[in-house]
Amino acid sequence: MDFLERVRQRVKPERFAHILRVAELAAAIARANGLDPDKAYLAGILHDAARDLSPEELVLLAPPENEVERRHPLALHGRAARRMAQEWGVQDEEVLEAIEGHVYGVDPAQGIGMALYVADVSEPGRGVNHEIRQRALEGRLLEAYQEAVACKVNYLQSRGIEPHPRTQAAYAALQGPPFPKA
Ligand SMILES: [Fe+2]
């Protein structure tokens, strides 16, 4: 059975539609930035495979590793999807890292991970972040990614929510001009 069908059986129809849009966009972003579109597409197909599991199932697949994860089992859906992908035979580290990292952010050395992260937050169905999508499709992926991570961190901070340690690490790794001052 192909990955698309396996994922379709495990998520709600509207989620599946989101997944297809993310995979298409991630591939287009990869193409525009000299990255492998097939890897980006595969990461897109698999990234939310665990998104509709129950908190109990998520914790079983991906035991919490810190306080943020214990408090928010939904934050485990990236690592849980990575486990599922591995069980289905996916071995490509770049793809697996992208799947896990789509929730928290990835290191900027991970091109496929950045393409997926940006595609997830800016796919047309979300109705927001058009500029981020545009920038990524113009070949300015790093800038788009910086902006997407900064948006996320600012949003969490404005609501008094502590970002996940990996989000903080991704934010810290992205130093440079496009960042607003905290
Ligand atoms: Fe997700």
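This talk describes the overall build, the core, the metal site and the salt bridges of one protein.

The model is predicted, so to speak of local features we require pLDDT of at least 70, and side-chain atom pairs count only at pLDDT 80 or more, while totals for chains, interfaces and linings use all residues. Residues are numbered from 1 along each chain as its sequence is written, and side-chain values use heavy atoms, with hydrogens and water left out.

I begin with the overall build. The protein has eleven helices and zero strands; these are DSSP runs numbered from the N terminus, with helices being H or I of at least four residues and strands E of at least two. Its radius of gyration, taken over C-alpha atoms, is 15 Å, close to the 16 Å that the globule rule gives for 182 residues, so the protein is as compact as a globular protein of that length. That rule is 2.2 Å times the number of residues to the power 0.38. Buried residues make up 46% of the 182, where buried means under 20% relative accessible area, exposed over 50%, and partly exposed in between, with a 1.4 Å probe and protein chains only.

I turn to the interior. A nonpolar core is a set of buried Ala, Val, Leu, Ile, Met, Phe, Trp, Tyr and Cys residues joined through side-chain atoms within 4.5 Å. The largest one holds 48 residues, of which Val-7, Ile-29, Leu-46, Val-118 and Tyr-145 touch the most other members. Helix α2 gives the most to this core, with eight residues.

Next comes the metal. Asp-48 (OD), His-77 (NE2) and His-102 (NE2) coordinate the iron ion at 2.1 to 2.2 Å. Donors here are N, O and S atoms within 2.8 Å of the metal (3.2 Å for Na, K and Ca); water is not among the atoms, so sites may look incomplete. Asp-48 sits in the loop between α3 and α4, and His-77 in helix α6, 29 residues apart. Both Asp-48 and His-77 are buried.

Finally, the charged pairs. The whole structure contains 19 salt bridges, each a side-chain nitrogen of Lys or Arg within 4 Å of a carboxyl oxygen of Asp or Glu. Arg-79 pairs with Glu-69 at 2.5 Å, N to O, and with Glu-100 at 3.2 Å. Arg-79 lies in helix α6 and Glu-100 in helix α7, so this pair ties together parts 21 residues apart in sequence. Arg-79 is buried at 2% relative accessible area, and Glu-100 is buried at 5%. Arg-82 and Glu-97 form a further bridge at 3.3 Å. Shared partners join eight residues into one network: Glu-65, Glu-69, Arg-79, Arg-82, Glu-93, Glu-97, Glu-100 and Arg-166.
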